[in-house]
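Morning, everyone. Please have a look at the model on the screen, and then we will go through some side chains.

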Amino acid sequence: MVTAVRHLGPNWYAAVMGTAAVATAGAALPGPRVPGLRTVCAAVWALSLLLLLALLAARALHWTHHRDQARAHLLDPAVAPFYGCLSMALLAVGGGALTVGRDWIGDDAALALDVVLFTAGTVTGLAAAVAVPYLMAVRHRTMAAQATPVWLLPLVAPMVAAAVGPLLVPHLQPGQARATLLLGCVAMFGLSLLATLLMLPLVFARLITGGPLPLALTPSLFLVLGPLGQSTTAVGAFAHAAPGALPAPYGEALGVLAVLYGVPVMGFALLWLGLAGAHVVRARRHGMGFAMTWWAFTFPVGTCVTGAAALARHTGLFVYDGLAVGLFGLLVAAWAVAAVHTARGLFSGALLAAPRPAPVVPRPVTVRTTSGAVR
């Protein structure tokens with residue numbers, strides 16, 4: 001077991017995030033309740049909790065017995081950003097405890113579990129949002145041509161905390177406690193959003209000027225949906241929690257923000273979904289096989305489901321009901337494919353094996369003539 005976890009990186013927490021996203025997204029769907037759906041969502045949440053506990057134990061073994069590899073991960077610009085996934089896994093499972101997990105473990109246990117996981121996830125998320133960019137600037141040697149959506153991961157973690165934190169607001173005493181938690185979530189929303197707006201142009205510029213991402217990294221384009229869908233979910237959660245936490249007119253203002261911010265951002269999310277989907281289709285045609293990056297198809301799409309559901313609640317428009325249901329269908333299909341391939345790779349040992357060096361393939365050179373023709 002100790003040897004098996006040597007190459008177990010922080011990217012594995014994405015499986016926990018994606019599984020928890022299925023549960024919370026299913027519970028958030030607007031419209032008439034499908035019989036049995038909530039029970040299924042509670043079962044999926046329980047699975048995410050078991051996965052989280054197993055991964056925490058495995059990663060503890062990794063840090064205890066393979067510290068050289070753990071330090072190498074921190075100093076690897078391709079791996080270090082995945083440390084944001086630890087925070088998001090904790091937060092996703094914690095938020096799911098109050099959303100659907102309470103059906104199985106009871107309200108008191110769900111609240112206690114969420115408090116612990118929210119606190120741990122928020123602290124680790126804020127730490128990752130500072131530490132990983134610091135390492136990238138000081139210790140890593142990166143260039144703009146190496147930018148990928150993976151760089152967004154540590155910056156999105158505080159946004160996840162901002163989105164799930166309002167679930168705890170009604171459980172606090174009215175007054176200072178509620179207002180502090182809610183405005184703290186608004187602050188994390190702001191820091192994550194502004195940091196994402198700094199990083200996203202680098203990712204988009206690299207995509208346009210440097211060409212398509214390597215095949216194995218192509219699914220990571222879906223990670224851009226994470227801050228878009230999660231921020232829409234967050235402002236919807238602010239509007240829902242504000243009336244009992246903030247005095248007028250701030251509660252009403254957050255309700256307005258939920259719509260005026262959420263509608264255009266969800267529009268951009270759909271644009272990016274189409275762009276990322278086209279790149280994935282191209283990559284599959286060029287032989288893209290399964291990798292753990294396929295879990296990028298799950299959690300980011302789940303945030304768009306909850307974001308669309310929040311818009312449906314605040315606008316009353318059926319179009320967002322349909323959008324949430326359609327995206328949830330995509331989420332379930334993506335989760336099933338990623339889960340089956342991951343289980344197969346675990347049983348075969350392929351996913352825990354040492355990474356193989358990528359073959360060096362020279363990039364084709366195009367020459368542009370003075371007339372503008374490319375040859």
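Let me start with a question: does threonine 298 count as buried or exposed? Threonine 298 counts as buried, because its relative accessibility is 0%. The cut-offs: buried means under 20% relative accessible area, exposed means over 50%, and partly exposed is in between, with a 1.4 Å probe and protein chains only.

Two notes on the source. This is a predicted model, where local features need pLDDT of at least 70, side-chain atom pairs count only at pLDDT 80 or more, and totals for chains, interfaces and linings use all residues. Residues are numbered from 1 along each chain as its sequence is written, and side-chain values use heavy atoms, with hydrogens and water left out.

Back to threonine 298. The residue sits in the loop between H9 and helix H10 (299-315). Helices here are DSSP runs, H or I, of at least four residues, while strands are E runs of at least two, and numbering goes from the N terminus. What does threonine 298 touch, leaving aside neighbours within four places in sequence? Gly18, Leu331, Ala334 and Trp335. Contact means heavy atoms within 4.5 Å.

Next, aromatics. There are seven aromatic pairs in the structure. Rings of Phe, Tyr and Trp (its six-membered ring) pair if their centres lie within 6.5 Å; planes under 30 degrees apart are stacked, over 60 edge-to-face, and the rest tilted. Take phenylalanine 189 and phenylalanine 238: ring centres 5.9 Å apart, planes at 85°, so the pair is edge-to-face. Phenylalanine 189 belongs to helix H7 (residues 176-210) and phenylalanine 238 to helix H8 (residues 225-241), so this pair ties together parts 49 residues apart in sequence. Phenylalanine 189 is buried at 9% relative accessibility. Phenylalanine 238 is buried too, at 1%.

Phenylalanine 189 also pairs with tyrosine 261. Those ring centres are 5.5 Å apart with planes at 75°, so this pair is edge-to-face. It links distant parts of the chain, phenylalanine 189 in helix H7 and tyrosine 261 in helix H9 (residues 250-285), 72 residues apart. Tyrosine 261 counts as buried, at 15%. Elsewhere, Phe222, Phe290, Trp294 and Phe297 make up one aromatic cluster.

Now charges. How many salt bridges does a search of the whole structure find? Two. The criterion is a side-chain nitrogen of Lys or Arg within 4 Å of a carboxyl oxygen of Asp or Glu. Aspartate 103 bridges to arginine 38, with the closest N and O atoms 2.5 Å apart. Aspartate 103 is in helix H4 (residues 84-105) and arginine 38 in helix H2 (residues 37-65), so the bridge ties together parts 65 residues apart in sequence. Both ends are partly exposed: aspartate 103 at 38%, arginine 38 at 32%. Aspartate 107 bridges to arginine 102, at 4.0 Å between the closest N and O atoms. Arginine 102 is partly exposed, at 35%.

Two last items. A cis peptide bond joins alanine 248 and proline 249, with omega about 5°. Proline 249 is in the loop between H8 and H9. On the surface, Leu50, Leu53 and Leu56 form a nonpolar patch with about 280 Å² of accessible area together. Leucine 53 lies in helix H2. Patches take residues with over 30% relative accessible area and no salt bridge, joining like charges within 9 Å and nonpolar side chains (Val, Leu, Ile, Met, Phe, Trp, Tyr) within 5 Å. Accessible areas come from Shrake-Rupley with a 1.4 Å probe, and for residues only the protein chains shown count as cover.
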